[in-house]
Amino acid sequence: MAAENPVESLQEEATCPVCLEYFTEPVTLECGHNFCRACISQCWEGSATAASCPQCRETVQQGNLRPNRQLANVVEIAKRLSLQAAKGTGGDGVCGEHQEALKLFCEEDQTPICVVCDRSRAHRAHTVLPIQEAAQEYKERIQAHLKTLRKEREKLLGLKAIGEGSSQEYLKQTQTERQKIVSECQELQEFLEEQERLLLAQLEKLDEEIVRIQNENISKLSEQISYLSELISEMEGKCQKPASEFLQDIRRTLSRCEKGKFQQPEEISPELEERVNDFSQKTIVLLEILGKFKDTLPSALEMKRGGSLGTFRQVNVTLDPDTAHPNLILSEDRKSVRRGDTRQQLPNNPERFDTEPCVLGCEGFTSGRHCWEVEVMDGGYWVVGVARESVGRKGGISHSPEGGIWAVERWWGQFQALTFPVTPLPLSRAPSRIRVCLDCDRGQVTFIDAGDEAPIFTFPPGSVPGERIQPWFWVGWGSRLRLCP
């Protein structure tokens, strides 16, 4: 008979006789037996002051429970010894069923076994290797995978470095353009302010000249009116006199009437009129220049369809390989995708579409106005649009706003918007490049033919919910989609 295992004996001594688990907060009764504090309290629940020991049935007082700290320390030692025994002295572990060292490896069940397991019916017909040999074999296989993974990591690190370098270069270019814009706009502002000052000064001089001429004419006319009024009154009185008196000195009277004829006021000089016309011409030219300047401001995304869409920020969208269906093949720069004939061996992570040949863009948007363009190659079926981040990835999904997708599609030459039910799109020609305009603030997405700026379809304001929205693509057989730079 084999000698009793001391570790097992220690485990028995560290086990509560009530719950049969390691002691938790062990206490000692008057009779000397030990229990978990919670176990003895549960046994005595409903009793008054005196109760019996669950092990020897001796009557004891409930208030005489004493914590057994030494036993608690022994429990901790038993736990550690149990863990070390399970690991085994040779580092291969111990078989939980036969308490033998795990020295073999079953290839069919992919698990370490002991020599007794090898002779059992469960493993008798299986291929078995020494555990060290199996470990070496699998280590070599893992090392081969590690070599590939390290290459992939180096490739991604290279792409990251290139991307960061490109981004820094682009940032330098945008900073240069920003400085140019600020400088040019400042010069333009100074020019306009100077033109405003000069033109207003000329206007003021013209106003003064016109007012001077007007005041002089009014003064002369007032004098003539006063003189003529007096002469008329005098002549009317003379006409009332008798003939002999009326005809006295008639020659001088006629002469005074002839001298009292109305004189034309001073007209605006041709020089002043020329100055006014010249100023008007300058104003017209300046207004035409300003009008052309406003008309040539960047407005490629402006369109009229019940109102302007306003200006959108163009974003550089890239495809997310962690979401791509195994049949989809992404380009190295993750800017284009096509559908392959075979299913790739890819990890079935939660983000990946496993049934629908879909892929998401890496970028996500919760606010602002953004746009990107997609080149749609020849093919029977493709879908381009946006999807909410929580769109379903596993199994079939609903291609509609109810399923979290807002998109347009081509189905063997027919174009339609994925509403419910679908909305046919009577396009005059097949678009080769589609611009997707996402307005997160209004909850609206619009599709435009980037070739001739013609609108394709708009999901009305409020259609897209206020959550993170990502670019979404569905690739049919023989189709290929490419994100434009």
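Predicted model: local features only at pLDDT ≥ 70, side-chain atom pairs only at ≥ 80, totals over all residues.
Me: What is the volume of the second largest pocket?
Reply: Residues are numbered from 1 along each chain as its sequence is written, and side-chain values use heavy atoms, leaving out hydrogens and water. On a 1 Å grid over the protein atoms alone, a pocket is an open set of points with protein on both sides within 12 Å along at least five of seven lines, a cavity is a set where a 1.4 Å probe fits but cannot get out, and lining residues have an atom within 4 Å of a point. With points joined across faces, edges and corners and volume taken as the space filled by probe spheres set on them, the second largest pocket comes to about 640 Å³.

Me: Which residues are closest to the centre of the second largest pocket?
Reply: The lining of this pocket is made of 18 residues. Closest to its centre are Glu152, Leu156, Pro321, Leu330 and Leu346.

Me: Which element gives the most to the lining of the second largest pocket?
Reply: Elements here are DSSP runs numbered from the N terminus: helices (H or I, at least four residues) and strands (E, at least two). Those that give two or more residues to this lining are H5 and strand S10 (328-330). The top contribution is five residues, and it comes from H5.

Me: How many charged residues line the second largest pocket?
Reply: Asp, Glu, Lys and Arg count as charged, Ala, Val, Leu, Ile, Met, Phe, Trp, Tyr, Cys and Pro as nonpolar, and the others, Gly among them, as polar. The lining has ten nonpolar and two polar residues. The charged ones number six.

Me: Now for the largest pocket: which residues lie nearest its centre?
Reply: This pocket holds about 1200 Å³ of space, and its lining has 25 residues. Nearest the centre are Gly163, Ser166, Ser167, Tyr170 and Asn316.

Me: How many residues does H5 give to the lining of the largest pocket?
Reply: H5, strand S9 (313-314) and strand S13 (369-376) are the elements that give two or more residues. By class, the lining has eight nonpolar, eight polar and nine charged residues. H5 gives the most, and its share is twelve residues.

Me: What span would be expected for helix H5?
Reply: Helix H5 covers residues 131-239, which is 109 residues, and reaches 151 Å from its first C-alpha to its last. The expected span is 1.5 Å times one less than the number of residues. For H5 the model's reach is close to that expectation, 162 Å.

Me: What is the volume of the largest cavity?
Reply: The structure holds one cavity of 30 Å³ or more. Among its lining residues are Trp382, Val408, Phe415 and Ile456, and strands S15 (405-411) and S16 (414-417) are the elements that give two or more residues. The lining has eight nonpolar, one polar and one charged residues, around a volume of about 30 Å³.

Me: Which peptide bond is cis, with omega near 0 degrees?
Reply: Most peptide bonds are trans. Pro421 sits in the loop between S16 and strand S17 (423-424). The cis bond runs from Phe420 to Pro421.

Me: Is Asp249, with its positive phi, buried or partly exposed?
Reply: Asp249 has a phi of about 55 degrees although it is not a glycine, and it is found in the loop between helix H6 (243-246) and helix H7 (250-259). Buried means under 20% relative accessible area, exposed over 50%, and partly exposed in between (1.4 Å probe, protein chains only). At 44% relative accessible area, Asp249 is partly exposed.

Me: Which element has the lowest mean pLDDT?
Reply: The chain has a mean pLDDT of 83, with 87% of its residues at 70 or more. Strand S12 (residues 358-360) has the highest mean among the elements, 97. The lowest mean, 65, belongs to helix H8 (residues 270-295).

Note on methods
pLDDT = per-residue confidence, 0-100.
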